[in-house]
Amino acid sequence: MEMEYFVRPGEDETSHQEWIDGCFNWFTRLGVSRQTCDSTSKPREELAHYAKRTVDIQYRFFPEREEDERQWTS
């Protein structure tokens, strides 16, 4: 799923982090283990022209497997 989140200028950094934290909190309230979730920021050269920051939230399938066999997907 992809979601774009727009905020007022000057509120962007704080609002964006609050949104990310809120997503993780929602996942854990639904019963998703925090250890099976991760986030990665996209490099500046991969951002849309209007974006200041892009973060992918990933879920790790098969957490019981060895590290090199774990599967992350966003």
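In helix 1, the residues D12, S15, H16, I20, C23 and F24 are buried, where buried means under 20% relative accessible area, exposed over 50% and partly exposed in between, with a 1.4 Å probe and protein chains only. This is a predicted model, in which local features need pLDDT of at least 70, side-chain atom pairs count only at pLDDT 80 or more, and totals for chains, interfaces and linings use all residues. Residues are numbered from 1 along each chain as its sequence is written, and side-chain values use heavy atoms, with hydrogens and water left out.

- Helices (H or I, at least four residues) and strands (E, at least two) are DSSP runs, numbered from the N terminus.
- The 18 residues of helix 1 (residues 12-29) should span 26 Å at 1.5 Å a residue, and the end C-alpha atoms are 25 Å apart, which agrees; the expected span is 1.5 Å times one less than the number of residues.
- The buried residues of helix 1 pack against strand 1 (37-41) and strand 2 (55-61).
- Just after helix 1, G31 takes a positive phi of about 105°.

**S15 within the helix**

- S15 lies in helix 1 and counts as buried at 12% relative accessibility.
- Leaving aside its neighbours within four places in sequence, S15 is in contact with Y5 and V7, contact meaning heavy atoms within 4.5 Å.
- Between S15 and Y5 there is a C-alpha to C-alpha distance of 9.2 Å, and the two are 10 residues apart in sequence.

**The largest pocket**

- A pocket is an open set of points on a 1 Å grid over the protein atoms alone, where a 1.4 Å probe fits, with protein on both sides within 12 Å along at least five of seven lines, and its lining residues have an atom within 4 Å of a point.
- The largest pocket is lined by 35 residues, of which M3, E4, Y5, H16 and V55 lie nearest its centre.
- The elements that give two or more residues to this lining are helix 1 and strand 2, and helix 1 gives the most, with eight residues.

**Cysteines**

- C23 is buried, with a relative accessible area of 18%, and C37 also counts as buried, at 8% relative accessibility.
- A search of the whole structure finds zero disulfides, a disulfide being a pair of cysteine sulfur atoms within 2.5 Å.
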